[in-house]
Amino acid sequence: MSPGDYSKKFYKINNPAKTILIVFALCTFFFSNTCKVTTEGPRISEPAELLPDSVYISLLANMKLIQVWNSSSDTMALDSLKQKLFSTFGVDEQRFLDSHRYYQSDFEGQRARLDSVKILIETEKRRIQEYEYNGQ
């Protein structure tokens with residue numbers, strides 16, 4: 001046999017379905033072992049001045065309300081409202097962003113915080129609706 005015959009024999013595929021199945025199994029094994037997402041906890045380091053959950057949740061709820069309000073009205077700039085909110089809570093924007101980034105890296109914890117934000121907003125909405133109903 002000549003050297004050229006070996007390469008032809010090596011590249012000849014007898015059963016293409018079996019070859020595809022083997023390649024698929026190898027790809028599945030490779031991706032399942034390399035692309036794991038963990039939800040066990042923070043994956044980034046904690047900032048030096050982490051906001052407590054109570055302050056972070058209240059601040060995040062107010063930020064969401066400002067964003068919704070700003071999308072329905074152009075009477076005031078969003079940046080000035082944010083700065084007023086940060087000064088009310090005694091927090092600078094960078095500290096909030098660092099805390100937000102850290103809290104977002106903990107998927108399960110952030111889901112619970114966002115649920116708390118939702119409850120806080122719904123409670124405030126009900127309080128306003130009751131005030132409007134009783135005031136009329």
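Predicted model: local features only at pLDDT ≥ 70, side-chain atom pairs only at ≥ 80, totals over all residues.
**View 1. The protein chain has 6 helices and 0 strands.** Reading from the N terminus, the elements go α-α-α-α-α-α. Helices here are DSSP runs of H or I with at least four residues, strands are runs of E with at least two, and both are numbered from the N terminus. Of the 136 residues, 20% count as buried; buried means under 20% relative accessible area, exposed means over 50%, and partly exposed is in between (1.4 Å probe, protein chains only). The accessible surface comes to about 10800 Å², with 58% of it belonging to carbon and sulfur atoms; areas come from the Shrake-Rupley method with a 1.4 Å probe, and for residues only the protein chains shown count as cover. Take the contacts (heavy atoms within 4.5 Å) between residues at least 6 apart in sequence: 73% of them join residues at least 24 apart.

**View 2. Arg-113 of helix H6 pairs with Asp-53 of helix H3.** H6 covers residues 107-135 and H3 residues 53-72, so the pair ties together parts that are 60 residues apart in sequence. Arg-113 is buried at 9% relative accessible area, whereas Asp-53 is partly exposed at 37%. Leaving out neighbours within four places in sequence, Arg-113 is in contact with Asp-53, Tyr-56, Ile-57, Tyr-103 and Asp-106.

**View 3. Two further salt bridges, Glu-108 with Arg-111 and Glu-124 with Arg-127, sit along H6.** In the bridge between Glu-108 and Arg-111, the closest N and O atoms are 3.5 Å apart. For Glu-124 and Arg-127 that separation is 2.5 Å. Glu-108 and Arg-111 are 3 residues apart in H6, about one helical turn, and Glu-124 and Arg-127 are also 3 residues apart there, again about one turn. An α-helix has 3.6 residues a turn, so residues three or four places apart point the same way. Glu-108 is partly exposed at 38%, as are Glu-124 at 31% and Arg-127 at 49%. The count of salt bridges comes to 5.

**View 4. Helix H4 has a buried side and an exposed one.** H4 runs over residues 78-89, and its 12 residues reach 17 Å from first C-alpha to last, close to the 16 Å expected at 1.5 Å a residue; the expected span is 1.5 Å times one less than the number of residues. The buried residues of H4 are Leu-81, Lys-82, Leu-85 and Phe-86. Seen down the H4 axis they fall within an arc of 135°, so they line one face of the helix; the arc is that of the directions from the helix axis to the C-beta atoms. On the face turned away from that buried side are the exposed residues Asp-79, Lys-84, Ser-87 and Thr-88. After H4 comes Gly-90, with a positive phi near 70°.

Technical notes. Residues numbered from 1 in each chain as written. Heavy atoms only, no water. Salt bridge = Lys/Arg side-chain N within 4 Å of Asp/Glu carboxyl O.
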